[in-house]
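Colleague: I have a few questions about this model before I set anything up. Can we go through them one at a time?

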Amino acid sequence: MMKRKSRTDAGYAEAEATESRRIVQEQQSLLRLTTEGPSNIDSKDFCGAFAALGLDNSWDSKAFKKDFKIDIKTLTDEHVVFDMIGIDPPLVNAFRRVLIAEVPTVAISRVTIHQNTSVIHDENFAHRLGLVPIKFEPDLLESRHEEADFTDQDSVLFKLHAKCPQGQKQLSVYSRDLRWTELSVHQREQLKEAPPAPVDGDILLAQLAPGQEIECDCYCEKGIGKDHAKWSPVCTAFYKLHPVIRFEKDIVGKDAEDLKRCCPMEVFDVEDVPQLGKRAVVRNARNCTTCRECLETFPGQEKGLFLGKAKNHFIFSIESVGQIPAPELFERALIKFKERCQTAKENVSHRRGAATK
């Protein structure tokens, strides 16, 4: 004779299933840091991975559009910091790579040295000139074919001539000594309002002893960081996961003071609570570098401190070299990223069409 399940048994099973779903969802969204190392590192991408628990893990474009957001924290011409929320690591990393390698700038590409009696070898001096960032709108130049001559349509020219006179101890040659020279009347009229110039005029290029001389022509063209680092528009473009710090039980008294003291980034603070005394609180989670001092110097794991990172919340930082303002870099990288996605979509459609023939 079969025994019917009681309501108590059914309720217990449902509660257990709910708790299992909560644990899985937390494992999917949080990376936990412990004294032994990180756990829950990967996220399951297979859509049926948790079907037995009634969880749909498939990617949904509508849910992505609804949940994805960008929250700008710092915005200056040199530096932009923003949060990207609701996005997967491969997409964030693709955006970072576009910033470094796909956004075009203008840099010195060819150096013709007419005279160099300094102690710096010609090739070293040319390499140093190539790394001087040039402030100029790259969209004003066409892309030059590798074997074509430099013209006013695809390049700009700087001339450099410096000589240390006899009797002077030495002469320092700086990037401000690079003088733009128009390649045509049309170029002179086009660029007279905003002529090309080095981003910083105080970059030391060489030091000349009495009688030494440098004279050269420097041709600039448009390029991207994928071809050479001198065309990369960013000093740094990086991201990190947003820290998640919480107390699973209160840390009070001397323990609260010890926790605050052990953190070198001043993430924690202590507040006075009536009937409880001093209690540890999280003051600035963004400062956390996950050095784990709060778990190793202080027994945070035993005391109920949870230290982790959100897998879909990224702190993104863009620092411009100076050719293009950082906020503009962000916009141009998004446009380039969109173009890449469109190209990939067209390639997939083309291959599908070829396969059906």
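Colleague: Which residues does Leu171 touch, not counting residues up to four places away in sequence?

Modeller: Leu171 touches Ala162, Lys163, Cys164, Ala206, Gln207 and Leu208. Contact here means heavy atoms within 4.5 Å. Bear in mind that this is a predicted model, where local features need pLDDT of at least 70 and side-chain atom pairs count only at pLDDT 80 or more, while totals for chains, interfaces and linings use all residues. Residues are numbered from 1 along each chain as its sequence is written, and side-chain values use heavy atoms, with hydrogens and water left out.

Colleague: Where does Leu171 sit, then?

Modeller: In strand S8, residues 171-174. Helices (H or I, at least four residues) and strands (E, at least two) are DSSP runs, numbered from the N terminus. Leu171 has a relative accessible area of 23%, so it is partly exposed. The classes are buried under 20% relative accessible area, exposed over 50% and partly exposed in between, with a 1.4 Å probe and protein chains only.

Colleague: What does the protein look like overall, in helices and strands?

Modeller: The protein has nine helices and 16 strands. Its radius of gyration is 29 Å, well over the 21 Å that the globule rule gives for 357 residues, so the protein is more spread out than a compact globule. That radius is taken over C-alpha atoms, and the rule is 2.2 Å times the number of residues to the power 0.38. Along the principal axes, the C-alpha trace spans about 105 × 70 × 35 Å.

Colleague: How much of it is buried?

Modeller: 35% of the 357 residues count as buried. Among contacts between residues at least 6 apart in sequence, 75% join residues at least 24 apart.

Colleague: Which residues of H9 are buried, and what covers them?

Modeller: The buried ones are Ala326, Leu329, Phe330, Arg332, Ala333 and Phe337. Their cover includes strands S3 (69-75), S4 (79-85), S13 (234-247) and S16 (305-320), along with helix H3 (89-101).

Colleague: What about H3, which of its residues are buried?

Modeller: Val92, Phe95, Val98, Leu99 and Ala101. What covers them includes S4, S13, S16 and H9. The end C-alpha atoms of H3 are 18 Å apart, which agrees with the 18 Å its 13 residues should span.

Colleague: S13 keeps coming up. What does Val244 touch there?

Modeller: Val244 is placed in strand S13. Leaving out residues up to four places away in sequence, Val244 touches Leu30, Phe306, Leu307, Gly308, Lys309 and Ala310. Val244 and Lys311 are 67 residues apart in sequence and 10 Å apart, C-alpha to C-alpha.

Colleague: Last one, backbone angles. What is the phi of Gln275?

Modeller: About 65°, a positive value although Gln275 is not a glycine. Gln275 lies in the loop between strands S14 (268-273) and S15 (277-282), and is exposed, with a relative accessible area of 86%. Arg292 also has a positive phi, near 65°. Arg292 lies in the loop between S15 and helix H7 (293-296) and is partly exposed, at 23% relative accessible area.

Note on methods: Expected span 1.5 Å × (residues − 1).
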